[in-house]
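Here are some exercises to work through with the structure in view. Try each task yourself before you read its solution.

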Amino acid sequence: MSQRLFVKGNEAVAMAAIEAGCRYYFGYPITPQSDIPEYLSRELPKLNGEFIQAESEVGAINMLLGASATGVRAMTSSSSPGISLKQEGISYMAGSELPGVIVNISRSGPGLGGIDASQADYWQSVKGGGHGGYHIVVLAPASVQEMYDLTMLAFDLADIYRTPVMVLADSVVGQMKEALVPNPRPVTILPEKAWRVRGRREGTEQMIVKSLFLGDGELEAHNWKLHGKYDVMKENECRQELFMADDAQLVIAAFGSVARIAKTAILMARDAGMKVGLLRPITLFPFPTKAFQEVTLRCKKILDIELNNGQMVDDVRLSVARDAEVYFYGRPPGAGSLPVPEELFEQIKKHY
Amino acid sequence: MKYDLFIAGFGGQGVLLAGNLLSYAAIIEEKNVSFLPAYGVEKRGGAAMCTVVIADGEVGSPVIGRPSTCVYLNQTSLERYGAKVKDGGVAIINSSLVDDSSWDRDDLEIIRIPMNRIAMELGDPRMVNMVAAGAYAAKTGAVALESLEQALKSVLPERNHRFIPANVQAIRAGAAAVGR
């Protein structure tokens with residue numbers, strides 16, 4: 001067994017990227033994710049990798065696009081306003097079917113907002129934040145161990161589906177320190193990157209990675225192809241955690257940091273004799289629709305809790321059984337707005 | 001068992017190092033632990049806080065509304081966060097800097113330790129945080145003193161390892177002060 005370390009969530013992301021074989025990082029500093037570039041700027045040169053502090057977030061995402069087009073594993077990270085700047089590039093990557101990992105340790109908004117924990121980037125992440133009607137895979141870690149494990153998974157999913165993958169967390173998970181077992185990279189069968197651009201010197205045919213399709217019917221077919229992949233992801237890649245949900249009469253739906261706070265509130269409710277459980281989406285896209293359908297066949301009350309004014313609750317409402325009731329409790333992000341377990345317990349009592 | 005702890009003081013008192021040290025001691029003991037620093041727009045001399053949860057099982061929320069133990073290293077933190085300690089909980093107070101005579105909590109076990117004086121007697125006022133960590137460990141039994149001492153090696157950078165013996169003394173002095 002690997003040694004048990006004690007590290008920050010952000011450091012776990014950087015460590016996982018290296019273990020996953022990522023040797024190229026492009027980014028621009030922004031709180032609260034700067035531990036990621038700090039770690040990689042120190043470690044990548046030792047591994048003959050490349051760390052580039054770009055001139056801007058726009059530069060960084062286009063460097064990621066370029067690196068990924070050559071077939072290497074590469075990553076960028078930022079926080080909400082910086083991720084907004086990257087959206088054009090993410091759309092181009094999705095259109096060009098390029099793998100690549102984008103980490104968003106999100107902060108509060110809109111606009112410059114603040115640096116506090118926030119889940120207000122849910123819509124932007126899962127609904128196609130840039131133009132053109134695409135999706136990317138979105139993974140939502142809730143612990144330091146998951147920051148590591150899901151970053152590792154992000155690289156594999158990116159390669160398997162030829163898609164950008166986002167790891168979406170916030171300053172609670174990013175700045176928190178917990179135990180970490182740095183598991184070795186799992187052995188996964190990955191498709192060969194036959195599409196990668198490699199220059200003409202190898203004597204092969206010219207490869208072109210692009211998102212421009214001008215021929216009659218060409219772009220429509222390309223869009224159907226992309227959406228066909230999203231259907232496969234929905235079928236095969238949904239991940240969620242169920243906690244005390246088997247006998248629950250009220251199930252909390254929550255992701256990331258707030259799901260952790262909810263867990264303690266659930267234990268308070270259990271101590272008070274209330275049967276409450278948790279359904280925590282780990283993949284936000286593809287959304288674990290089936291898990292919500294299954295839970296609400298039996299349990300008819302869902303309380304959706306988010307660090308925003310209500311975003312994931314849309315997808316929860318679209319996923320539950322028809323006769324299930326969905327309640328919402330949210331705290332829009334900002335200094336002093338992080339709810340405590342006692343506060344969520346009050347909401348449980350209100351809706352139980 | 002589950003222990004939760006809130007430590008508050010001003011920047012420079014070593015609040016975060018004390019939290020880190022207690023957390024690492026829990027790691028050594030193969031427990032689960034979360035260390036959550038208060039995260040904001042920080043400045044020197046400003047407020048510094050952290051929350052530590054130590055558990056045999058799952059940690060659950062790293063955010064705690066009413067911690068069962070709070071450590072107050074300066075006056076402002078008591079004034080601002082005095083209401084935070086859980087009813088019937090424990091408050092460990094640095095009585096060198098904190099006057100709690102007008103504090104209106106009569107449900108708590110209050111442990112007053114002159115941490116600055118103890119640290120100074122041992123040669124360095126910067127060891128206030130070690131006195132506090134030792135006091136917390138001795139009071140609650142959340143981690144063993146030996147684990148705290150062992151954790152110093154991992155938490156302190158190599159260049160500061162020469163200070164470990166003095167810090168061990170401070171941890172022990174803090175623990176001894178609890179019994180008095």
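Two strands pair if DSSP finds at least two bridges between them. Helices (H or I, at least four residues) and strands (E, at least two) are DSSP runs, numbered from the N terminus. This is a predicted model, in which local features need pLDDT of at least 70 and side-chain atom pairs count only at pLDDT 80 or more, while totals for chains, interfaces and linings use all residues. Residues are numbered from 1 along each chain as its sequence is written, and chains are lettered from A and ligands numbered from 1 in the order in which they are written.

**Exercise 1. Strands across two chains**

Task: find the bridge partner of K177(A) in β2(B).

Solution. Start with the strands: β8(A) and β2(B) run antiparallel and are joined by 2 bridges. Then look across from K177(A), and you reach F35(B).

**Exercise 2. Where the chains touch**

Task: work out which element gives the largest share of the side of chain A that touches chain B.

Solution. Begin with the totals: 22 residues of chain A are in contact with 19 residues of chain B (C-beta atoms, placed from the backbone, within 7 Å). Next, list the elements of chain A that each supply at least two residues: α7 (171–175), β8 (177–180), α9 (256–271) and α12 (341–351). The largest share, 5 residues, comes from α9(A).

**Exercise 3. Two helices in chain B**

Task: describe how α5(B) and α6(B) cross.

Solution. First take the angle: the axes of α5 (residues 145–155) and α6 (residues 164–179) of chain B come within 10 Å and cross at roughly 155 degrees. Axes are lines fitted to C-alpha atoms, for helices over the stretch in contact, and angles run from 0 to 180 degrees between N-to-C directions. Over 145 degrees counts as roughly antiparallel (under 35 is roughly parallel, 65 to 115 roughly perpendicular, the rest oblique), so that is the word for α5(B) and α6(B). Finally, name residues that meet: among them are L148(B) and L152(B) in α5(B), and V168(B) and I171(B) in α6(B).

Technical notes
Two residues are in contact if their C-beta atoms, placed from the backbone, lie within 7 Å.
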